[in-house]
Amino acid sequence: MSRQPVEIGKSNRRKYMYEKLSSRLFQLCALLSVISLLLIVGFVFYKGSLPFVADGYSFIDFIFGDDWVPSEDKFGIFPMIVASIFATLGALIIGVPIGLFTAIFLAEIAPKSIAKIISPAVQLLAGIPSVLYGVFGLAIIVPFLQNNLNLAKGQSLLAVILVLAIMMLPTIVTVAETAIRAVPKTYREGSLALGASQIGTIFKVVVPAAKSGIMAAIVLGLGRAIGETMAVILVAGNSLVIPTSLTDSVRPLTTNIALEMGYAFGTHQEMLFATGIVLFSFILILNFVLAKISAKGGN
Amino acid sequence: GNNNQETESSNNSSDTISISGSTSVGPLAEKIAEKYMEENGVKIEINQIGSSAGITNATSGVSEIGMSSRDLKEEEKANGLKETIIAYDGIVVVTHPSNKVKDLTIEQVKDIFTGKVTNWKELGGDDMEIVVVSREDGSGSRDAFQEIVGYSSGELVRSSIIASGNGNIKTTVATNKHAVGFISFEYIDPSISTVKINGVEATAENVLQQKYSLSRPFLFVHKEELLTDAGRQFIDYILSSEGQAIVAETGAIPVK
Amino acid sequence: MRKFKDNLLRGFLWLSAFLTVAILVMIVGFIFYKGFRLINIDFIFSDYSPSGHGGIWPMIVTTIYTIVISLIIATPIGIFAAVYLQEYAKQGRLVKLIRFATESLTGIPSIIYGLFGAVFFVTTLKLGMSIIAASLTLTIIVLPVIIRTTEESLKTVPHSYREGSLALGTTKLQTLYKVILPSAMPGILSGIILSIGRIVGESAAIFLTAGTVAAMPEGIFSSARTLTVHSFLVTQESGDIELAAAVGIVLIVIILVLNLSATFISKKLNKADY
Amino acid sequence: MNTTVVEHNKAGKGNVSQMNQQSEGTIKISVRDLDLFYGEKQALYSVNLDIQEKEVTALIGPSGCGKSTFLRTLNRMNDLIDNVKINGDIVIDNENIYQTNDVIKLRTKVGMVFQKANLFPMSIYDNVAYGPRMQGIKNKKELNSIVEESLRGAAIWDEVKDRLKTSALGLSGGQQQRVCIARAIAMKPEIILMDEPTSALDPISTLKVEELIENMKKDYTIVIVTHNMQQAARVSDKTAFFLNGEVVEYDETSKIFSLPSDQRTEDYITGRFG
Amino acid sequence: MNTTVVEHNKAGKGNVSQMNQQSEGTIKISVRDLDLFYGEKQALYSVNLDIQEKEVTALIGPSGCGKSTFLRTLNRMNDLIDNVKINGDIVIDNENIYQTNDVIKLRTKVGMVFQKANLFPMSIYDNVAYGPRMQGIKNKKELNSIVEESLRGAAIWDEVKDRLKTSALGLSGGQQQRVCIARAIAMKPEIILMDEPTSALDPISTLKVEELIENMKKDYTIVIVTHNMQQAARVSDKTAFFLNGEVVEYDETSKIFSLPSDQRTEDYITGRFG
Ligand SMILES: Nc1ncnc2c1ncn2[C@@H]1O[C@H](COP(=O)(O)OP(=O)(O)OP(=O)(O)O)[C@@H](O)[C@H]1O
Ligand SMILES: Nc1ncnc2c1ncn2[C@@H]1O[C@H](COP(=O)(O)OP(=O)(O)OP(=O)(O)O)[C@@H](O)[C@H]1O
Ligand SMILES: [Mg+2]
Ligand SMILES: [Mg+2]
Ligand SMILES: O=P([O-])([O-])[O-]
């Protein structure tokens with residue numbers, strides 16, 4: 001019996017060519033996105049490291065200094081780091097549960113007719129420019145805090161947390177809802193048939209099964225909130241103090257960049273890029289922690 | 001054909017003047033340009049992206065003319081930029097309309113912004129905390145304000161609110177009865193109340209008569225080799241009496 | 001006790017949904033309340049004028065330009081990249097790393113993307129301040145969103161579909177666009193809708209790359225001002241919240257139309273919507 | 001051929017002597033005039049059936065005749081489907097299950113094993129402990145013993161005892177099905193519903209499950225849907241033959257397989273070997 | 001009991017006369033020394049098997065013995081799984097299928113029906129037309145006739161002819177399985193692999209599929225995995241008994257079921273009725 005290797009059939013040759021081409025194309029796209037993303041990181045890192053590499057500024061002073069007076073060559077971002085940590089954690093603590101619970105509500109509990117109205121409405125919320133969130137914050141939230149907490153100014157860490165939490169809601173709800181809806185029906189049936197309650201089923205089976213998508217929701221929601229600074233500028237107060245209470249006005253790292261970039265020049269501008277590096281590391285750590293938490297939650 | 005040509009040439013050709021820079025100068029420049037375009041059929045693109053970005057663009061050639069609301073830094077001048085003062089801008093101290101304090105001395109203003117005075121009652125107002133609102137470091141208004149009032153960025157009271165534009169200061173002050181800040185003349189409206197300095201009202205007239213000291217220049221900057229004839233003609237137009245009349249209309253102060 | 005816990009959780013679910021809806025209503029209500037007085041045919045369809053309020057038609061056109069161009073570029077690249085990561089690449093360290101990097105980049109403030117775009121697209125690639133430079137910058141901003149949401153929805157497509165198709169002598173590519181992508185459509189769609197939101201909501205990255213020229217753009221190489229940049233500028237510089245809100249109303253309507261058409265198109269693509 | 005099988009059955013179980021249905025034992029489930037509609041479409045027509053305690057009742061019939069639908073009415077799993085309308089009564093232990101609000105209690109009492117193994121994406125242990133935990137059992141020792149006992153009961157303990165903490169989805173189809181049974185047993189239900197529990201299994205696993213059913217009969221009332229005539233003949237005491245949503249015949253299994261009184265039953269049973 | 005079944009088979013098929021395997025007919029598939037590893041774990045051990053053209057070959061054996069794995073090597077579906085390593089040769093029509101790059105041609109020639117019906121979320125028509133379309137057939141008439149012919153071939157035409165354009169997922173399990181077969185036939189393959197194609201079916205559907213297999217034998221070479229001994233006995237000409245990844249015995253079906261030469265085969269077959 002002859003066992004020769006076989007030529008590819010003529011009619012299929014073109015298919016294999018397409019196959020090869022397309023897989024190259026897909027790879028290229030993945031690379032393209034990675035490259036453009038790396039370019040940005042490279043760009044930020046290059047610009048941001050200049051003051052420390054070329055001009056002899058101390059990185060330690062930069063991180064732990066608490067004076068930020070660019071016109072006097074003082075660049076310390078410690079208060080901003082603290083503010084960023086508090087603001088982000090606060091927003092996560094408020095925004096994630098509300099967002100996830102809303103997603104669960106829409107996917108599992110709400111009558112179809114209601115979900116059909118709310119879901120697109122929430123998606124709509126994702127499209128409102130952050131400036132308007134900021135204006136809303138400034139016109140409604142800030143005076144509300146000011147009057148009800150008896151403060152001299154409502155621009156505060158708390159206002160930032162509220163605005164950020166509101167801004168991450170649409171993304172979290174939309175992505176998480178999609179993920180929860182994708183959980184196979186058999187899981188729900190299996191659980192309910194064991195006499196588990198609807199709520200028990202949701203929290204013990206459905207949500208864990210949608211874990212990966214829920215993580216994506218949190219990461220993307222957080223990204224949206226951190227990435228869009230315009231709203232925060234309006235309600236943070238942007239004071240350069242280390243916050244000791246929720247009512248202190250603060251300047252998170254992102255705001256610092258957006259606030260001063262328009263007028264920054266030379267070292268000042270490079271220091272704003274350096275702020276970007278710190279922010280980037282901060283986000284890396286945060287995502288890493290989130291990934292770890294979710295991995296733990298799975299077991 | 002015609003349409004295509006225009007599209008291709010929108011960046012650098014002689015019939016479009018591209019200007020970018022300060023968001024404070026921008027509105028004024030836009031208004032003058034609107035009139036100028038009507039009269040001369042030239043196309044002028046104005047981008048309000050901040051003084052530094054404008055200066056950078058003028059240096060790199062992305063724009064023909066840069067707008068700045070602050071003076072050029074030494075390094076920037078070293079790049080061969082030339083500056084033209086096209087107008088002056090008055091700066092006014094503003095408070096919440098309910099605030100009883102309507103007149104301050106320069107000293108008092110300084111005490112407020114450096115945190116020596118922290119309660120309005122020390123200035124003859126109600127017994128309430130003062131909330132200072134300032135612009136961001138690098139802002140032209142802030143540079144000028146600090147220089148004239150006589151304090152440095154390092155002395156600015158730490159807990160002051162930093163707002164990123166005239167509009168933001170105005171909104172912040174208008175919604176907080178504790179607040180005090182400063183804005184350009186052009187943005188004065190009934191939502192806030194203006195404060196006299198040393199008894200002098202903040203008006204263009206008083207600035208011109210040098211009775212009111214809080215003002216700063218608006219600049220156009222360019223590189224000689226990048227400036228087109230059309231660009232030069234536009235600068236000349238602004239400086240002409242016709243152009244300066246528009247400056248006055250907008251609430252800014254004409255260069256004499 | 002268990003009943004109590006169940007009821008407590010159920011209460012939270014209702015409460016959260018209620019809060020979300022309340023916030024939604026408050027924000028949209030605020031925008032409409034502040035802005036509706038300025039809305040009229042003239043405001044929407046006439047040219048902008050720096051003296052007096054003028055219309056916002058040029059900004060509407062510019063906004064639509066940026067959305068369309070960014071999506072035309074970002075959607076295929078994002079989906080293909082996700083397809084590569086999920087269907088082609090060996091699931092290993094590298095893929096994990098890429099994924100981690102993509103995620104982390106979602107958190108970079110858009111102003112930094114804007115600066116990057118200003119240096120790279122505007123100056124280095126000599127595109128000038130233009131709609132195309134802004135759209136390319138926006139493309140990079142929304143890529144992670146599209147990649148991640150597409151990946152998640154690819155994960156939920158049953159393995160048996162892939163097997164079933166390949167066993168019929170089809171190529172991976174055929175399987176992909178005939179079976180896998182259509183099944184993944186809901187997730188991809190929500191990614192696109194979120195991207196529209198991000199594009200529309202963006203201001204910092206756009207004004208550094210497209211500029212703020214308030215005239216009707218002649219083409220994609222023109223410098224121009226989007227609606228959001230407009231509302232940003234009026235908020236920041238003149239503090240005219242009514243105008244900013246009026247622009248917001250127009251934006252909300254545009255987004256509504258876009259979201260609905262995205263849903264419609266995806267249903268069409270998905271021919272039979274089973 | 002037909003006769004051969006029944007002969008075997010008779011010999012194996014010797015329950016030919018039970019001649020009259022409903023004449024002895026306690027009635028555990030009583031179904032009266034049950035109609036079920038999916039939207040407009042009627043799937044069950046006036047079903048009447050009394051199911052004896054601690055017996056095995058088999059439901060047979062061609063595909064789409066309503067066996068699964070009927071089975072799911074017994075623990076109200078049909079509640080999960082939109083637009084299902086039910087008329088008639090189902091009484092379990094003197095309680096009309098469609099007049100109670102406590103579906104949870106009902107489902108705790110009436111366990112179910114699905115046709116396709118549907119283990120959760122958790123460890124084997126967690127799968128089996130799921131139900132008891134939901135009942136509020138937290139004690140480690142107690143859980144351990146429930147899990148072991150249930151897995152033993154489902155004749156799968158030896159195969160999995162060393163990998164209790166690994167994912168249940170890594171098991172073979174047959175193993176998964178038995179873990180599903182263990183999961184149901186762990187609830188200590190009184191009634192167990194099984195929807196074609198062995199259709200995915202090899203003969204050895206099938207045999208094990210059948211032995212299991214035989215053993216469980218001592219403690220549980222079992223209702224089983226099967227396509228396998230021999231299986232019905234081997235394991236069940238009573239058999240109901242469904243056709244187009246109606247119960248055509250319901251009687252002692254031995255009777256159904258030897259002397260069906262309805263021509264359609266006979267056609268169906270002999271059709272198997274046509 | 002055992003004998004009874006084989007008697008039936010003998011009577012039904014009358015192929016007792018074929019005594020020597022490989023002595024007549026053409027060999028369609030020739031498997032030599034096939035080892036297969038999932039990562040470290042070996043799943044097939046030196047499998048040797050010659051499969052005759054236009055015959056039905058049944059693969060039987062306990063769960064996890066490697067039947068599916070073996071079946072999937074014949075159309076290289078194992079390529080989809082990471083870390084699979086294969087040694088040995090499989091020659092189909094004188095072509096070594098592991099030395100060709102043209103998997104598409106191979107899979108077009110070797111159709112497959114899976115254990116779980118895996119129809120795509122499209123209409124019935126689109127499911128069946130899927131393969132031909134992917135082969136480039138666009139002509140409406142041609143497609144229509146292929147679809148009708150295939151559905152008729154799979155004995156499902158009458159049941160679905162009025163709802164060809166509705167979702168295939170709305171069909172009952174048995175109907176879905178037959179549409180899967182139709183989908184495979186539509187490709188006009190030469191060999192059809194079936195992995196427990198009737199395990200989810202009721203007797204009538206099973207019977208229909210078995211009749212189908214009987215008919216298809218005229219045109220196709222069929223390899224079928226089944227857990228159902230009777231089915232193997234009824235439909236196949238040759239039977240291979242797998243155990244722990246090895247072929248323990250391979251012979252005429254009649255021989256395997258009446259006079260297995262290996263003790264383990266006998267144990268397995270009789271174990272069914274233990
Ligand atoms: N969710 C549903 N919506 C509408 N019709 C349904 C639904 N579920 C089942 N049906 C229909 O109800 C009838 C009975 O279905 P059921 O699943 O009870 O059949 P079955 O006897 O279990 O069949 P099989 O042996 O194939 O599992 C069928 O005609 C089926 O198409
Ligand atoms: N993807 C895989 N990775 C690792 N091991 C696998 C994989 N698929 C199958 N196996 C193992 O290979 C062996 C053979 O599996 P296979 O699916 O071929 O069995 P089978 O005879 O078809 O069983 P069944 O009758 O239960 O379908 C089993 O031990 C199984 O656990
Ligand atoms: Mg069923
Ligand atoms: Mg198998
Ligand atoms: O925005 P300014 O630079 O004019 O303060």
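Student: In this predicted model, what makes C:Arg225 count as a charge over the face of C:Tyr48?

Tutor: C:Arg225 lies at 5.5 Å from the ring centre of C:Tyr48, over its face. The distance cut-off is 6 Å, taken to CZ of Arg, so the value falls within it.

Student: The structure holds 36 aromatic pairs over all chains. Why is the pair of A:Phe26 and C:Tyr88 called edge-to-face?

Tutor: The ring centres of A:Phe26 and C:Tyr88 are 5.3 Å apart, within the 6.5 Å limit, and their planes stand at 65°, over the 60 degrees required, so the pair is edge-to-face. This pair crosses between chains, from helix H1 of chain A to helix H3 of chain C.

Student: How do you know whether C:Tyr88 is buried or exposed?

Tutor: The relative accessible area of C:Tyr88 is 19%. Buried means under 20%, so C:Tyr88 is buried. A:Phe26, at 2%, is buried as well.

Student: Why is the pair of E:Phe70 and E:Phe242 called tilted?

Tutor: The angle between the planes of E:Phe70 and E:Phe242 is 40°, and the centres are 5.4 Å apart. Stacked needs under 30 degrees and edge-to-face over 60, so the pair is tilted. E:Phe70 lies in helix H2 of chain E and E:Phe242 in strand S9 of chain E, so the pair ties together parts 172 residues apart in sequence. E:Phe70 and E:Phe242 are both buried.

Key. Residues numbered from 1 in each chain as written. Chains lettered and ligands numbered in written order. Predicted model: local features only at pLDDT ≥ 70, side-chain atom pairs only at ≥ 80, totals over all residues. Heavy atoms only, no water. Phe/Tyr/Trp six-rings, centres within 6.5 Å; stacked < 30°, edge-to-face > 60°. Helix = DSSP H or I, 4+ residues; strand = E, 2+ residues; numbered from the N terminus. Buried < 20%, exposed > 50% of the residue type's maximum accessible area, 1.4 Å probe, protein only. Lys NZ or Arg CZ within 6 Å of the ring centre and 35° of its normal.
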